[in-house]
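Welcome! Please look at the sequence and the 3D structure below, then try each exercise before you read its solution.

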Amino acid sequence: MLILVWRNSFRKKMRFWLTCISVMVAFFLFTTLSVVNHALTANVSNSNQYRLMTSHKISLTQSLPINYKQKIAALPGVKQVSYASWFGGFYQNEKNQLPVTAVDHETYFDLFDEYYIPTEQLIQWKNTRTGIVIGQSLADKYGWKIGDKVPLSSSIWMNKSGSFNWSFTVSAIYQTTDHSGTNNKVFFQHAYFDKGRAYARNSMSWLSTEISDKANVDDVIVAIDKLFIHTNSPTRSTTEQVFIKERAQQFVDMAMVINLVVVAVFFTLLLIVCNTMIQTIRERNNESAMMKALGFSSLSLIQGIYLESLLLLGLGAFAGSLLAYLLITAIGQNFNDFLPGISISPSHYLTVFALVNIAAAFCSAFPALAIKRLVISKTLGGQA
Amino acid sequence: MKNNHNITLKNINKSYQKGTNTVVVHDNFNLTIESGEFVALMGPSGLGKSTLLHLMGGLDQPTQGEVIIGTQRIDNLKQAQLTQWRAENIGFVFQSHHLLPVLSAQGNVELPLALTPLNKKQRQEHASYALELVGMSERANHYPKELSGGQEQRVAIARAIVSDPHILLCDEPTGNLDRKTADEILVLLTQLNRNFGKTIVMVTHDKKAADYASRVINLESYIFEPKSIEVGEGI
């Protein structure tokens, strides 16, 4: 029977390969878009829901006074507070953009304990005013080692000498188990940033607050914002999850578009393959009837059709996934800064496997019904 | 000792629905074909010759009555049971050969053996023997499109006999063939009947073809014209 399935599949070669290519394109899009979608939204799902983020009520680009840290720390339910400012930054030229953040060196890594920094390196960094903490992948990419002097530039922040170039020293290298690939960040002391910049001193971009286990998140959020409601710099606090989600809103929306595209592609694919299989079985009506007359059960013929669908979809899915793998690998190598950690997870292959089987079952359903309903005596003719 | 593979049709009623009309094809029809007979069913179109053949082969079921093959009543078997029964007991030859174009002559003949416990080598041996019987050994590796109409029908006969069924049901087996090729096929059927004891029931319009049979049943003298019974007033 397997040989029959194989030969029947390639009976109309042109039709088989054209359908196979459409399956390939669908799975290529599915794999590529799913991976990109995952890379764009990974930070949202990996964020800590017990950490709060506080920024200026109007916009994240508006600064907040640094002394807000002490005021928030005094609130009930607050465990610790840290703050940070966006530096932007690039290395050598603007093509090498880096996510550089100035952080409160005393507290930041106590709150964000997902960054694993060897204790002696962390101490070294805290004691080095121009020190930076860099991710392992960044160290690997540029060959930076502890003690290396690294000049970084900012397109936003000018220093007191009127230059946009800032000097740093690699003091620590962090690792993270976070698969979203945040191993390419750069952190440096906010104190150095504050003292070095030409303007907007004693301010920062946002505060991070860790609440105690028993504290009510909503209560703390209300308390923080209430504290500054009548000041020149009112705040807006949210959980870290909401904060990241809002920041990534454009990407999340894109994710929705991606999902819609994937659904549309699959729906079209199902129609195409389904139509092919219906056409196939219609062409073989007489043969199916003959096989039933010979003693083949409807089930065995349906199994044959299912295996043909599986072969068609499986081959297309394999080719599509392979192409996507090659593309993702190339993107991963060349655009790691833009989409860190972009890679195909093993679970995606399981999804593809499941989808191929479900699609094969779906596409075999109508031909199966036709086979089941096939009346041998009517199909093979003869006069009544 | 001869096995009992008599074909018995007892009080057969067969009708079907055509719109609001019920068309009666057979009304209280009785027929017995003895094991080892070569019977030709003749008569004009529309008298239900093929229907009888389909009833004997379990491809169709009577509206009323009994179809008994040997000692087995088959009209009340379920589809799955009928399918298995057909595989073990009946060989079909149709006017159109219905060979699978993707398989060679050998592959087509081997096909019914896929339902048996025979291994690949045994299947190949059986198929080769069946092809030899119908004189198609040399064309075993040819595909249907590479064969003539007569050769295709020979392969179809080999496929029908490969699992050694007791009964061969042939529906106009020479209908698409020229006289010479038709005679060759009929000689082959006669040999299968005489040398291997196959019970053959052949539906034909062709009087010359019927001459090869040991008994000819003319349905025209058996039953009346099919009649229509109006059901309801219609729409």
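Helices (H or I, at least four residues) and strands (E, at least two) are DSSP runs, numbered from the N terminus. This is a predicted model, in which local features need pLDDT of at least 70 and side-chain atom pairs count only at pLDDT 80 or more, while totals for chains, interfaces and linings use all residues. Residues are numbered from 1 along each chain as its sequence is written, and chains are lettered from A and ligands numbered from 1 in the order in which they are written.

**Exercise 1. Describe the two chains.**

Solution. Begin with the elements: chain B has eight helices and 10 strands, and chain A has 14 helices and 11 strands.

Next comes burial. A residue is buried if 20 or more other C-beta atoms lie within 10 Å of its own, exposed if 12 or fewer, and partly exposed in between, with C-beta atoms placed from the backbone. In chain A, 37% of the 384 residues count as buried; in chain B, 45% of the 235 residues do.

Last, look at contacts. Two residues are in contact if their C-beta atoms, placed from the backbone, lie within 7 Å. Take the contacts between residues at least 6 apart in sequence: in chain A, 80% of them join residues at least 24 apart, and in chain B, 72% of them do.

**Exercise 2. Describe the side of chain A that touches chain B.**

Solution. Start with the counts: 19 residues of chain A are in contact with 26 residues of chain B. On the side of chain A, the elements that give two or more residues are helix H1 (2–9), helix H11 (285–294) and helix H14 (376–379). H11(A) gives the largest share, six residues.

Now sort by class. Ala, Val, Leu, Ile, Met, Phe, Trp, Tyr, Cys and Pro count as nonpolar, Asp, Glu, Lys and Arg as charged, and the others, Gly among them, as polar. This side of chain A then has eight nonpolar, seven polar and four charged residues.

**Exercise 3. Work out how H5(B) and H6(B) pack.**

Solution. Two packed helices are described by the angle between their axes and the distance between the axes. Axes are lines fitted to C-alpha atoms, for helices over the stretch in contact, and angles run from 0 to 180 degrees between N-to-C directions.

Helix H5 (residues 149–161) and helix H6 (residues 179–196) of chain B have axes that come within 9 Å and cross at roughly 15°. H5(B) is therefore roughly parallel to H6(B); angles under 35 degrees count as roughly parallel, over 145 as roughly antiparallel, 65 to 115 as roughly perpendicular and the rest as oblique.

Then find the residues that meet. H5(B) brings B:Gly149, B:Gly150, B:Gln153, B:Arg154, B:Ile157 and B:Ile161, and H6(B) brings B:Thr181, B:Glu184, B:Ile185, B:Leu188 and B:Leu192. By class, this contact has five nonpolar, four polar and two charged residues.

**Exercise 4. Find the nonpolar cores.**

Solution. A nonpolar core is a set of buried Ala, Val, Leu, Ile, Met, Phe, Trp, Tyr and Cys residues joined through C-beta atoms within 7 Å. The largest one has 102 residues, and those with the most contacts inside it are A:Val23, B:Ala158 and B:Val201. Helix H12 (residues 298–334) of chain A gives the largest share of this core, 11 residues. Apart from it lies another core, of 44 residues, among them A:Phe87, A:Trp157, A:Met204 and A:Phe243.

**Exercise 5. Is A:Gly131 buried or exposed, and what does A:Gly131 touch?**

Solution. Locate A:Gly131 in strand E5 (residues 131–135) of chain A. A:Gly131 is buried, because 22 other C-beta atoms lie within 10 Å. Leaving out residues up to four places away in sequence, A:Gly131 touches A:Gln124, A:Trp125, A:Thr169, A:Ser171, A:Phe188 and A:Gln189. A:Gly131 and A:Ser171 are 40 residues apart in sequence and 5.2 Å apart in space, C-alpha to C-alpha.

**Exercise 6. Describe phi and the surroundings of A:Asn202 and B:Asp164.**

Solution. Most residues other than glycine have a negative phi. Phi of A:Asn202 is positive, near 55°. A:Asn202 sits in the loop between helix H7 (190–196) and strand E9 (203–204) of chain A and is exposed, with 9 other C-beta atoms within 10 Å.

B:Asp164, not a glycine, has a positive phi of about 55°. B:Asp164 lies in the loop between H5 and strand E7 (167–171) of chain B and is partly exposed, with 13 other C-beta atoms within 10 Å.
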